[in-house]
Amino acid sequence: MAEKDNENSTDVRVFKLLTIALILTSALLAVFCISVNNVVNQYKEKYNNECIQSMRIMKSNQSLTANTNSYKSQSDELSKLNNDLKKQNEQIKKQLEELKKQNKQLEATKRELADDNLHLQKSLKKAASVGVKPQSYKIYSSNNLETNSKGKFLGKFLGTAYTPCAEECGNNKGITSSGQPIVPGVSIAIDNSHWPYGTIFYIKGLGYTVAMDTGSAIKGKNRFDFAVLDKKFAYELGQQYYDVYLVKMGNGKINESIIAKPA
């Protein structure tokens, strides 16, 4: 009987120990599960925060990419604009160079005109110094010879002067060998084997002239006789060399628009 009671007592103690062990194990498992759950929650929150941060970074990257593309587009436009400005600058440089050339040409023309004017003034002073008076033969000239072109430079010609009188023209009507009347200040006698009638010259110091006459003393390509109104003026002009330019080659005929019938 005593042994049976001992066995029962032992069984109770074992049961209690097992129960306590189970309770402790359950408590430890609960604590472990709570700890694991806390850790999981912490990592989950951290993961969520990192995901949110990653999303923000991605949006920021997208915004930066969009800005970069915008800046690139603006840079391309600025580059194109810069190239256009460079081209315009080159065109402006070319235009400036062309204007400089034109200005030089204008300056040269201005100097040339001033020199021509000086020679014309010298001729006028010679006319004034002898008191030019018209002779009996009177003719008129029009503005047909007005021009801005001198034409091709031919060289220096030896020039003299004559008047529309019988002893110099061979008639008392002032008729040239071309059949037209002399136009003082316009008509010149030339060697018509070299220059056909109607040829227009610019003679520096005398102006625009027309080949209308010949003369026994006028021989050679570089020779002319200039018609004036007064013998004293013709004598004052004397014999000298002039720069001569070919404005227009004649066809053997005189343009009658530069002359009129004698009064």
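Two strands pair if DSSP finds at least two bridges between them. Strands (E, at least two residues) are DSSP runs, numbered from the N terminus.

This is a predicted model, where local features need pLDDT of at least 70 and side-chain atom pairs count only at pLDDT 80 or more. Residues are numbered from 1 along each chain as its sequence is written.

**Stop one: β5.** Select strand β2 (residues 187-189) together with β5; the two pair in the antiparallel sense over two bridges. Ala-189 has Asp-225 of β5 as its bridge partner.

Color β5 by accessibility. Five of its five residues are buried (under 20% relative accessible area; exposed is over 50%, partly exposed in between, with a 1.4 Å probe and protein chains only). Arg-223, Asp-225 and Ala-227 point one way, Phe-224 and Phe-226 the other.

**Stop two: the rings.** The structure holds six aromatic pairs. Rings of Phe, Tyr and Trp (its six-membered ring) pair if their centres lie within 6.5 Å; planes under 30 degrees apart count as stacked, over 60 as edge-to-face and the rest as tilted.

Select Phe-153 and Tyr-245. Their centres are 5.1 Å apart and their planes at 55°, so this pair is tilted. Phe-153 lies in β1 (residues 152-162) and Tyr-245 in β6 (residues 240-248), so the pair ties together parts 92 residues apart in sequence. Phe-153 is partly exposed at 42%, while Tyr-245 is buried at 11%.

Next, select Phe-224 and Tyr-242. This pair is also tilted, 5.5 Å centre to centre with 55° between the planes. Both residues are buried.

Terms used:
Heavy atoms only, no water. Helix = DSSP H or I, 4+ residues; strand = E, 2+ residues; numbered from the N terminus.
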